[in-house]
Each structure stands twice: as C-alpha cells, then as structure tokens.
Amino acid sequence: MVFSNNDEGLINKKLPKELLLRIFSFLDIVTLCRCAQISKAWNILALDGSNWQRIDLFNFQTDVEGRVVENISKRCGGFLRKLSLRGCIGVGDSSLKTFAQNCRNIEHLNLNGCTKITDSTCYSLSRFCSKLKHLDLTSCVSITNSSLKGISEGCRSLEYLNLSWCDQITKDGIEALVRGCRGLKALLLRGCTQLEDEALKHIQNYCHELVSLNLQSCSRVTDEGVVQICRGCPRLQALCLSGCGNLTDASLTALALNCPRLQILEAARCSHLTDAGFTLLARNCHDLEKMDLEECILITDSTLSQLSIHCPRLQALSLSHCELITDDGILHLSNSACGHERLRVLELDNCLLITDVALEHLEHCRGLERLELYDCQQVTRAGIKRMRAQLPHVKVHAYFAPVTPPSAVGGGGQRLCRCCVIL
C-alpha cells in the first residue's frame, strides 16, 4: 500500500519534499483539500502556499463567506497569483481588504458577480496590489468613477479590465482610468449605458496598445466616437459594437482605413450598416475570423461576395435576420477559400429567402460544425437530411413553425406540428 495515514508511508520515504511539492502543484483545489486529510505530512505539503498560486472557487463552491477568502489569503500570502471569486455573492469589501493586504503579488483577479463589493474594494486593490494585470468587475453594480480613479493610481500595470454592466461609470471615470493605465490591452464596457463619444476620445488619447474593446449596448456612442477609437488604436483586433444603433458606414470606413489587424467584429443590431461599408472593410481587413452581423438588415449577397474574396480566414459568421441574403450569397461563401477550409459556424436564423439550395452549396464546407436555421421557412427536413448525409458531423439547429395545410382552411383540418430539431 503506497498511501498511509502514517507519515512514514513509502512515498514519503522515497521522494524528497521538493518533488512532492512539485507533484502537488498540478492538483486542483478539491484534490489538494483531500490530500491534506491523508496524514500530517501531506497536510503540510498540500497546504503549502506554493501550491495555491491559482485558485478558482467557481467550480468548487460559490456560496462562500468572506472569512473563507480571508483564510485563503492568509494561507497563500505572497504566493497567490490568480484568484477567481466569480459568482461569490457573499464576499464583501472587508474580506477583500484583508485579501489585498495579504496577497500583494496577485496578478489576475475575477470578481464577476460579487455584487456586494463597492469602491472600497478598488481602493484596497489600488493600495496593496500594484502588480494586478487582469481585473474582472462584471456586474459589480456599486462600482463608480471613484473606483477607476483609485485603480489608475495604484494598478498601473493593468492590461485587462472588465466593467460590463457597471452602469454608474461615465466619461469622467474612463478619463481617470486611462490616464494611469496606459498599457490597457482589453477594455470591456458592455452595458455601460452612460458612456458616450467623449469617453472614447479619452481612450484614443491614452490607450494606444488596445487590442480588444467591447461597447455592446453603449447606445449613446456614434460614428464620431468609433472613428476616434480607430485612429488612436491601430492595433485593435476585436471590437464589439452590437446594440450601438446609431452607427453607419462611417464607422466601418474608419475600421477599414485604420485597423488592418481586425479579427473579430460584432455589429449585431446595427441596422444602418450597408454593403458599401462592409465592402471597404473586407478589402482592407483580411484577417477577419469572426463576424456577428445579426439584424444588419440592409446587407445583401454583395457583402458575402466581398467577404468570400478578401477574408480567407473567416471561421464564424452570423447573418440571422438579414432577410435580403439569398442562396446566391451562400454560394459565394461556400465556393471561397474560407468556405472550403475555415468556416466552422454559420447562423442563418430568420433568413427567409434561404432554401434547400443553400444547403446543397454548404456541402462544400467540409469544416462546418454548426449551422443555425431557426425560422428559415423555405428550408425543409429533407434538405437538412441530404446535407447531413454529406456532412454527418454538423450540428444543425432548426425550428419548423406550426403550419396549417390547405385542407384545414374553413375548419376541420389539423395543425401539423413541425418542431425544433437538432440533428
């Protein structure tokens, strides 16, 4: 028997402490806790701070109390580099102050959904955690501009900041933040509904290293703000503008002329964008890999033709509710380099002109993994089955709405149930 409750177990005799510690360093938090109960020797080894450099409580226990975080911080001390408290709604400012004081080498901190925390937590991080690089404050709704001022003063190494749904943030907070954190590479501002173009001007002035920016549902943003971002952040690779309903082709033109490295563009519900803007974008941004164009209701097959010609790396494309797209557009896509080699996901929900002919074209997309066809009323079960005979690995999601046969008119007929199919 290798393991024993006796500290003289064979493994403890044969392996030096340093090697056992190295082995323990690969274990997750649950396994470490179990090992700590084996023997006194293993308890010491398992609870050694060097084994607790990365902790994620989300898959272990989210209903933790603040004292648990305090105990972790005392156990780990300066060893802890990465901590996720995602969803730990019971953790508040007091315990995070203790954490910040004890874990001054923390680099990656996830507080997503920790709704009890306020500006006080950010003051603590600013004061004690100068090495912080990655901070997630998603849905921490009590966070205000004061937090951003504190972070800018004490956490100048910050590279990633997620402020999604912190809807008290305004342009003044963004200005304070970027003045101190000029090395930001990713800034997520989803649902920060008070932000407007002036906030983007501040980002333009200071964040020249920015690679990823999310402005989803920042409905006050206009073309002027997007143009400023594009001019000041030429390294931009990922941009989310979904829900920014005021934008026009002027934004796409700015992206095309200033951000040639763009890989991801999410522009769902930007209903004023047209083929002209996407044509210029495709001709200048050849690295595009993912595009969400849901409800860009003015685009036609012309956009697909340009993407097919100029964007050979395209892997995921959403065209849901783009009701002018036809089978010809899918033909362009399927015959292209990206269609043959790269395309993995295609969403065509509510594309009313798409028929089974489009599915025949998609048989050329050998790498296709997922196809969305909800409410494509001219697509049939037979068409889907024929396509899957050629591409058996593809997951097809389709919804066949209830229809009434002609014989049912005038009463007496039965409604035929055509249901959701995942094939």
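This is a predicted model: local features need pLDDT of at least 70, side-chain atom pairs count only at pLDDT 80 or more; totals for chains, interfaces and linings use all residues.
Q: How is the packing of two helices described?
A: By the angle between their axes and the distance between the axes. Axes are lines fitted to C-alpha atoms, for helices over the stretch in contact, and angles run from 0 to 180 degrees between N-to-C directions. Here helix 12 (residues 249–258) and helix 13 (residues 275–284) pack at about 10°, their axes being 8 Å apart. That makes helix 12 roughly parallel to helix 13, a label for angles under 35 degrees. Helices (H or I, at least four residues) and strands (E, at least two) are DSSP runs, numbered from the N terminus.

Q: Which residues make the contact of helix 12 with helix 13?
A: Contact means heavy atoms within 4.5 Å. Helix 12 contributes D249, L252, T253, L255 and A256, and helix 13 contributes A276, G277, F278, L280, L281 and N284. These residues divide into seven nonpolar, three polar and one charged. Ala, Val, Leu, Ile, Met, Phe, Trp, Tyr, Cys and Pro count as nonpolar, Asp, Glu, Lys and Arg as charged, and the others, Gly among them, as polar.

Q: Which residues of helix 6 are buried?
A: Buried means under 20% relative accessible area, exposed over 50%, and partly exposed in between (1.4 Å probe, protein chains only). In helix 6 (residues 93–102), the buried residues are D93, S95, L96, T98, F99 and A100. They pack against helix 5 (66–76), strand 2 (82–84), strand 3 (108–110) and helix 7 (119–128).

Q: Is W52 buried or exposed?
A: W52 counts as buried, with a relative accessibility of 8%. W52 sits in the loop between helix 4 (40–46) and strand 1 (54–56). Its C-alpha atom is 6.9 Å from that of F79, 27 residues apart along the chain.

Q: How many salt bridges does the structure hold?
A: A salt bridge is a side-chain nitrogen of Lys or Arg within 4 Å of a carboxyl oxygen of Asp or Glu. The structure holds 12 of them. One joins E266 and K290 at 3.8 Å, N to O. E266 lies in strand 9 (residues 264–266) and K290 in strand 10, so the pair ties together parts 24 residues apart in sequence.

Q: Where do R313 and D287 lie?
A: R313 forms a salt bridge with D287, with the closest N and O atoms 3.4 Å apart. R313 lies in the loop between helix 14 and strand 11 (316–318), and D287 in the loop between helix 13 and strand 10, so this pair ties together parts 26 residues apart in sequence.

Q: Which residues do salt bridges that share partners join into one network?
A: The side chains of E372 and R370 meet at 2.6 Å, N to O. Shared partners join E347, R370 and E372 into one network. E372 is buried at 9%, whereas R370 is partly exposed at 27%.

Key:
Residues are numbered from 1 along each chain as its sequence is written. Side-chain values use heavy atoms; hydrogens and water are left out. Angles under 35 degrees count as roughly parallel, over 145 as roughly antiparallel, 65 to 115 as roughly perpendicular and the rest as oblique.
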